[in-house]
Amino acid sequence: QVQLAESGGGLVQPGGSLRLSCAASGRIFSIKFMGWFTGWYRQAPGKQRELVAAIFSSGRIEYADSVRGRFTISRQNAKNTVDLQINSLKPEDTALYYCNIQKTGDGDYWGQGTQVTVSS
């Protein structure tokens, strides 16, 4: 089994920054994310869950248009962690942020989420 645990959310003023972290554990992670999709999603109240940043199995990195230039995803294979640095926060970034990892044949896993609230 695989467990994901997000951390780093909180209440921040517009223009502020946060660093979210997702720690993966379980027997599968002896392979240190090799070949896995790793991504961060968010879901605001009344809206659909959206992908904001991802590192694909090929190593390609993509961002949603709404966060490009402000968010940075990184992966620390030796530590089994995936981080999301979020800068220049806006009220519209308020959402529950989820970590997701998936690999064909090995599974699709989600964390419980960490809340980010941007408000003055």
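Colleague: How many disulfides does the count come to, and which residues are joined?

Modeller: In this predicted model, a pair of cysteine sulfur atoms has to lie within 2.5 Å to qualify as a disulfide. The sulfur atoms of Cys 22 and Cys 99 are 2.2 Å from each other. By this rule the count comes to 1 disulfide, and the residues it joins are Cys 22 and Cys 99.

Colleague: Is the disulfide of Cys 22 and Cys 99 left-handed or right-handed, and how many residues apart is the pair?

Modeller: The torsion about the S-S bond is about -80 degrees, so the disulfide of Cys 22 and Cys 99 is left-handed. The pair links distant parts of the chain, with Cys 22 in strand S3 (residues 18-26) and Cys 99 in strand S9 (residues 95-103).

Colleague: Which side chain of opposite charge is nearest to Glu 6, and how far away is it?

Modeller: Glu 6, which belongs to strand S1 (residues 2-7), is buried yet has no salt bridge. A salt bridge would need a side-chain nitrogen of Lys or Arg within 4 Å of a carboxyl oxygen. The nearest side chain of opposite charge is that of Arg 49, at 7.8 Å.

Colleague: Which backbone nitrogens lie 2.8 Å from a polar atom of the Glu 6 side chain?

Modeller: Leaving aside neighbours within four places in sequence, Glu 6 is in contact with several residues, among them Cys 22, Cys 99, Trp 40 and Gly 113. At 2.8 Å from a polar atom of the Glu 6 side chain lies the backbone nitrogen of Cys 99, and at 2.8 Å from such an atom lies also that of Gly 113.

Key. Residues are numbered from 1 along each chain as its sequence is written. This is a predicted model: local features need pLDDT of at least 70, side-chain atom pairs count only at pLDDT 80 or more; totals for chains, interfaces and linings use all residues. Side-chain values use heavy atoms; hydrogens and water are left out. Helices (H or I, at least four residues) and strands (E, at least two) are DSSP runs, numbered from the N terminus. Buried means under 20% relative accessible area, exposed over 50%, partly exposed in between (1.4 Å probe, protein chains only). Lys and Arg count as positive and Asp and Glu as negative; His and the chain ends are not counted. A polar contact is a pair of N or O atoms within 3.5 Å; within protein, one must be able to donate a hydrogen and the other to accept it, and residues adjacent in sequence count only if both atoms are side-chain atoms. Contact means heavy atoms within 4.5 Å.
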